[in-house]
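This report describes the fold and surface of one protein chain for a reader who is new to structural analysis. Please look at the sequence and the structure before reading on.

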Amino acid sequence: MLEFPLDISLHEMGQAILSLLKQGYKVTIAHVERYREALANPLKLAALKKAGVLIQVNADTVIKGRMSEKRFLDTLIKNDLLGAIASDAHDMDYRPVNMAKAFKKIEKKYGRDIADKLFSTNIAIKSLPLGQIIFVPFK
């Protein structure tokens, strides 16, 4: 699971991911809605998905995202680019787990099959070795 600087270009992101894919890593981009260029150009993420990258959005974005984030989410879902919706809960006080509420919103708007697909993908994320951190150097 990768997290990048918020202002990273999609080109730089792609180069870093390509390097990891060539080394045999399976890559998930964490909370892709936070990256400015991705938010402005969601269809450009198609090349990453085609390369095998799992694209993840936070459950809180589904529940209380800004309008631009909701449009972004809609574009990802309608173009089959989104691979998972997951929690960014680091603690129960400031970032609670809101998965059930997010699931219900996705199910209502897109149907049960899409909701099941986006939330059951979290099984793949859980299978990663705990605490595996990869540092990707940037210019």
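The text below treats the overall fold, then the surface, and then two individual residues.

The model is predicted. The protein chain contains eight helices and three strands. Read from the N terminus, its elements follow the order α-β-α-α-β-α-α-β-α-α-α. Among contacts with a separation of 6 or more, 72% join residues 24 or more positions apart.

The protein chain has 139 residues, and 42% of them count as buried. Its accessible surface is about 8600 Å², and carbon and sulfur atoms account for 56% of this area.

Lys 101 belongs to helix H6, whereas Val 32 is placed in the loop between strand S1 (28–29) and helix H2 (36–40). The table gives their relative accessible areas.

| Residue | Relative accessible area | Class |
|---|---|---|
| Lys 101 | 52% | exposed |
| Val 32 | 0% | buried |

Val 32 counts as buried because its relative accessible area of 0% is under the 20% cut-off. Lys 101 counts as exposed because its value of 52% is over 50%.

Which residues does Val 32 contact, leaving aside neighbours within four places in sequence? They are Ala 38, Leu 45, Ile 55, Gln 56, Val 57, Phe 72 and Leu 76.

Definitions and conventions
Residues numbered from 1 in each chain as written. Predicted model: local features only at pLDDT ≥ 70, side-chain atom pairs only at ≥ 80, totals over all residues. Heavy atoms only, no water. Helix = DSSP H or I, 4+ residues; strand = E, 2+ residues; numbered from the N terminus. Buried < 20%, exposed > 50% of the residue type's maximum accessible area, 1.4 Å probe, protein only. Contact = heavy atoms within 4.5 Å. Areas by Shrake-Rupley, 256 points an atom, 1.4 Å probe, with all protein chains shown as cover.
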